[in-house]
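Here are some exercises to work through with the model open beside you. Try each task before you read its solution.

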Amino acid sequence: MLVKTFCAAVTGLEATTITIEVNISRGVMFHLSGMADTAVRESYDRIRVALPNVGFKVPVSNITVNLSPADIRKEGSSYDLPMAIGILAANGNLKADNLKDYMLVGELGLDGTLKPIRAALLISILARKEQFKGLIVPKENAREAAVVNNLEVYGMSNLKEVIDFINDPTTATPEFVDTRKEFYEQQYSFDLDYADVRGQENVKRALEVAAAGGHNIIMIGPPGSGKSMMAKRLPSILPPLSLAESLETTQIHSVAGKLGSGTSLISQRPFRSPHHTISQVGLCGGTANVQPGEVSLAHNGVLFLDELTEFSKQTLEVLRQPLEDRVITITRAKYTVEYPCSFMFVASTNPCPCGYRTNPAVYGKNLRSAARPYRYPVRNLCPEFRRHF
């Protein structure tokens, strides 16, 4: 018997509908076709253990699974659920009439539980575009996917719940999220607020001007002067996100797997502060699966590079094109993906290697006694400081 289920493949910020065709015939072999990666090929091992743990037997038959279209590479573990449902439907363990109305995504645990996946929001947008009646996702992804209106989104905890729902759609109710209410309620709740800053009037004025105009800014000063502290509070004085910007930002973080469990929308401007040992790929994006980098995760927000002079020259050079074009194109052997990266660039650095070149307390008349409170041996100070001795 031939059965079809539906899921999605995500490449960059684009999702494509994938039809999973399952056929059962006489034999004892399992065949999988359709340009699947290692995680997808291992799906049958998880399904074979999960089915008995929810009360179903694995068919002792020749099982052939085709992932169509076959020329698109399938990656990740989100194909577990639709493949398991397809195998059960092809074996006659559940009704196949309702499968055409729903898109299914989810990773299976060995006990039959559904584990969260990436890019649930993009898949939800695709399901509505393709006019599916509903989308079945793991419980942790339900609120993220339910942001899309005119689509029934069902969050399921385990495989047994999905089987019961396919047999009888009245056994579950769709997830509901009041998108606009949640978006506006969370927009002005900040963990780090600019109102906490005391003093530093000149620096505060410079940051306010930069925030108002979206200008890039660099802060130079000795350690402990408040550069990082003020930069971390900068998002609280930036103009609030619009709903369209929030959806765009949420999609990027969803693809990267950076959304927390139960999160629906990102309501505040993102703040990214990578360590100075970050690589070029980590900053601009890439890897084998072409994930967004820090410049894209900071889209519509702030990218803060603390201790700018500690970053390698090659890493900083990759920021030239993103800062100018506000998009970054990542090209690999099998992919060409474009991510948006419109961010406010903020950097901070010490004025010299020892950090105290501009400090009047250190560059006083008695340099040795003035430097003593900082516990800096003369031999460890920077050349500009050391030459005064």
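Helices (H or I, at least four residues) and strands (E, at least two) are DSSP runs, numbered from the N terminus. The model is predicted, so local features need pLDDT of at least 70 and side-chain atom pairs count only at pLDDT 80 or more, while totals for chains, interfaces and linings use all residues. Residues are numbered from 1 along each chain as its sequence is written, and side-chain values use heavy atoms, with hydrogens and water left out.

**Exercise 1. A serine in a helix**

Task: Find the helix that holds Ser296, and work out whether Ser296 is buried or exposed.

Solution: Start with the helix: Ser296 sits in α12, residues 294-297. Next, the cut-offs: buried means under 20% relative accessible area, exposed over 50%, and partly exposed in between (1.4 Å probe, protein chains only). Ser296 has a relative accessible area of 1%, so it is buried. Finally, look at contacts, meaning heavy atoms within 4.5 Å. Leaving out residues up to four places away in sequence, Ser296 touches Ile252, Ile328, Tyr339, Pro340 and Cys341.

**Exercise 2. Tyrosine rings**

Task: Classify the ring pair of Tyr102 and Tyr154.

Solution: Rings of Phe, Tyr and Trp (its six-membered ring) pair if their centres lie within 6.5 Å; planes under 30 degrees apart are stacked, over 60 edge-to-face, and the rest tilted. The whole structure has seven aromatic pairs. For Tyr102 and Tyr154, the centres are 6.3 Å apart and the planes are at 70°, so this pair is edge-to-face. Now place the partners: Tyr102 is in β5 (residues 102-104) and Tyr154 is in β9 (residues 152-156), 52 residues apart. Both tyrosines, Tyr102 and Tyr154, are buried. Ring pairs also bring in Phe165, making a cluster with Tyr102 and Tyr154.

**Exercise 3. Strand β4 and its partners**

Task: Which way do β2 and β3 run relative to β4?

Solution: Two strands pair if DSSP finds at least two bridges between them. Take β2 (residues 14-25) to begin with: seven bridges join β2 to β4 (residues 62-68), and the two run antiparallel. Within that pairing, Ile20 has Leu67 as its bridge partner. Then take β3 (residues 30-33), which has four bridges to β4 and runs parallel to it. There, His31 stands opposite Thr64.

**Exercise 4. Into the core**

Task: Which residues touch the most other members of the largest nonpolar core?

Solution: A nonpolar core is a set of buried Ala, Val, Leu, Ile, Met, Phe, Trp, Tyr and Cys residues joined through side-chain atoms within 4.5 Å. The largest one has 58 residues, and Ile20, Ile85, Ile136, Leu159 and Val162 touch the most other members. Helix α3 (residues 80-90) gives the largest share, eight residues. Zoom in on Val162: beyond four places in sequence, its contacts are Leu81, Ile85, Leu104, Leu114, Ile136 and Met156. A second, separate core of 23 residues includes Leu283, Cys284, Val290 and Phe345.
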